[in-house]
Amino acid sequence: MNKKTVRDVDVKGKRVFCRVDFNVPMENGAITDDTRIRAALPTIRYLIEQGAKVILASHLGRPKGKVVEELRLNAVAERLSELLGKHVTKTDEAYGDAVKEAISKMNEGDVLLLENVRFYPGEEKNDPELAKAFAELANIYVNDAFGAAHRAHASTEGIAHYLPAVAGFLMEKEIEVLGKALSNPDRPFTAIIGGAKVKDKIGVIENLLNKVDNLIIGGGLAYTFVKALGHEVGKSLLEEDKIELAKSFMEKAKEKGVNFYMPVDVVVADRFANDANTKVVAIDAIPSDWEALDIGPKTRELYRDVIMKSKLVVWNGPMGVFEIDAFAEGTKAVAQALADAADTYSVIGGGDSAAAVEKFGLADKMDHISTGGGASLEFMEGKQLPGVVALNDK
Ligand SMILES: Nc1ncnc2c1ncn2[C@@H]1O[C@H](COP(=O)(O)OP(=O)(O)OP(=O)(O)O)[C@@H](O)[C@H]1O
Ligand SMILES: O=C(O)[C@H](O)COP(=O)(O)O
């Protein structure tokens, strides 16, 4: 990475404004998955050890510029404090006099968590006044919020214009792993693209077609491709307006010599439910009043084979409706193949694929699980992430 990192600045005794992505899933006020908090620990611990005064900032949810009581960061501060084994002061605001007062009481190695930065309308508008108010709190800016790096907000981008601005360790690792996949991949390089809609994956398929040796398609978006091949898809997900695009992707793959893998069989259901009637049919035999909700056993074998022979696999989006057990087998088979393929470096592109790998208990078998959903997708589309661009060059 050509950006400075926390290693390149002297943080001892300095007030460090560290943007993290603590946007964790919550239910009834409790955190249901603390992965993102754990992922930021190396940077936070390093700052503590180096004697910085660590001022953490994050968003939680989408409060749209207003205070939403359920989206306060109190539970996050508690969890962080448990993980660090150290008291974390939490302020009820994210800038201003009360915050400055709390910061003035900090000693070297202390940690303070600001309130949800999205309680302020200026955050998402990237208002320079808010960015300056954040910058006034600190001497140095560290961005470790890879998950929010695709947002040009006051705490992710604006503030970097007013302070020395460097990347944290999580940011560095994400950019290095995903960047290597796109610029200098070990081959054979395979991308597995699933999820609900073609619409959401256009950019990533377009970009990856220039890079990969194998492109595997699954999930709801596969059926627009199936239709493009001239088969009927029954009640499966279909984006009529993307059929031509799907055709052009398949043509481009051919031109570029990319092996394009589509389901050869699927699990169809007579309705969208765990206890629906299901059967396995060939891809050209989807009954008109059934919908395809998972890839079939032959497809799972085929995809496993390709994965096993790859040196690098990037996976984004489930192969079927993995939230329902009856349609989770395809996604599970891909996750299991990645877990079994010892010589394959596996990169999970965040979001639902990361949730699926967790659900199957295979997370620790993956080489890299991105903490970014939208951010990793935009990165794989080849887009520049504003939160990274704004950091100081090496
Ligand atoms: N065959 C299918 N029919 C209907 N829905 C499907 C099918 N296959 C997968 N899905 C659904 O697609 C959803 C995931 O799609 P989505 O594009 O949101 O995921 P993703 O690619 O992981 O994106 P993100 O990273 O934003 O979470 C899952 O909820 C899954 O149930
Ligand atoms: O969960 C995420 O993908 C990030 O925290 C960004 O959240 P956002 O989509 O609300 O900007």
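Helix axes are lines fitted to C-alpha atoms, for helices over the stretch in contact, and angles run from 0 to 180 degrees between N-to-C directions. The model is predicted, local features need pLDDT of at least 70, side-chain atom pairs count only at pLDDT 80 or more, and totals for chains, interfaces and linings use all residues. Residues are numbered from 1 along each chain as its sequence is written, and side-chain values use heavy atoms, with hydrogens and water left out.

**View 1. Crossing of helices α11 and α12.** The axes of α11 (residues 297–308) and α12 (residues 329–340) come within 9 Å and cross at roughly 25°; helices here are DSSP runs (H or I, at least four residues), and strands likewise (E, at least two), numbered from the N terminus. The two helices are therefore roughly parallel to each other (angles under 35 degrees). In α11, R300, R304, I307 and M308 meet residues of α12 that include E329, A333 and L338 (contact: heavy atoms within 4.5 Å).

**View 2. Surroundings of R118.** The UniProt record (unreviewed entry) places the feature "binding site" at R36, R118 and R151; such annotations may be inferred rather than shown by experiment. R118 is found in the loop between β6 (111–113) and α5 (121–125) and counts as buried at 5% relative accessibility (buried: under 20%; exposed: over 50%; partly exposed: in between; 1.4 Å probe, protein chains only). Beyond four places in sequence, its contacts include H59, K64, E123 and R151.

**View 3. Surroundings of R151.** R151 lies in the loop between β7 (140–143) and β8 (165–167) and is partly exposed, with a relative accessible area of 30%. Not counting residues up to four places away in sequence, R151 touches R62, R118, T156 and P386.

Methods. Chains are lettered from A and ligands numbered from 1 in the order in which they are written. Angles under 35 degrees count as roughly parallel, over 145 as roughly antiparallel, 65 to 115 as roughly perpendicular and the rest as oblique.
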